Amino acid sequence: MLEALYRREHPDLVRLAHLIVGDGARAEELVHDAFIRLMPHLGASENPGGYLRTTVVNLCRDDQRRAAVARRHLPERPVAAAAPDLPAESTEVWAALQRLPARQRAALALRYYADLPTEEIARMLDARPATVRSLLHRGIATLKEAVPRD
């Protein structure tokens, strides 16, 4: 059961985590951590895919918090997140996405990549639905300004 779940969920979870944290290798690690956390609850979980997705988002948020604390205590140096394999015309969008605040980036990834409803995103981000709608609206507005349309 775990192997089938891993084959089914792993690629999408890694992409989701990559969109949130901006680092493919770190995304892989976080998704593996989520599967490890699922193992003791596998038989009891009615929706293991949902459990994994929630765990991945929470692990990404924790990772971003730790990174923010580390950045406050280390000398500043530019860090550019490596873009996943994207078409050339998408690299501007990727760069703009990485400049968004973490919560906006997570909300956009959950809504437009994972195709989750606002209420579920709110639950995962520990926010009100109105806050999620605001995060989505501001994130899209920022992306529209940052990425010129032809």
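**Helix packing around H1**

H1 passes H3 in a right-handed crossing, where right-handed means that the near helix is turned clockwise from the far one by less than a right angle. The model is a predicted one, in which local features need pLDDT of at least 70 and side-chain atom pairs count only at pLDDT 80 or more, while totals for chains, interfaces and linings use all residues. Residues are numbered from 1 along each chain as its sequence is written, and side-chain values use heavy atoms, with hydrogens and water left out.

The axes of H1 and H3 (residues 48–73) lie 10 Å apart at an angle of about 30°, the axes being lines fitted to C-alpha atoms over the stretch in contact and the angles running from 0 to 180 degrees between N-to-C directions. That makes H1 roughly parallel to H3, a term that covers angles under 35 degrees. Among the residues that meet here are Leu13, Leu16 and Ala17 of H1 and Leu52, Val56 and Cys60 of H3, contact meaning heavy atoms within 4.5 Å.

With H5, the axis of H1 comes within 8 Å and crosses at roughly 145°, and this crossing too is right-handed. The residues of H1 that meet H5 include Pro11, Asp12 and Leu19, and those of H5 include Arg105, Ala109 and Tyr113.

H1 (2–21), H5 (102–113) and H7 (129–146) are the helices against which the buried residues of H4 pack. In H4 (residues 91–99), Trp94, Ala96 and Leu97 are buried, that is, under 20% relative accessible area with a 1.4 Å probe, counting protein chains only. Seen down the axis of H4, these buried residues fall within an arc of 165°, so they line one face of the helix; the arc is that of the directions from the helix axis to the C-beta atoms.

Terms used
Buried < 20%, exposed > 50% of the residue type's maximum accessible area, 1.4 Å probe, protein only. Helix = DSSP H or I, 4+ residues; strand = E, 2+ residues; numbered from the N terminus. Parallel < 35°, antiparallel > 145°, perpendicular 65-115°, else oblique.
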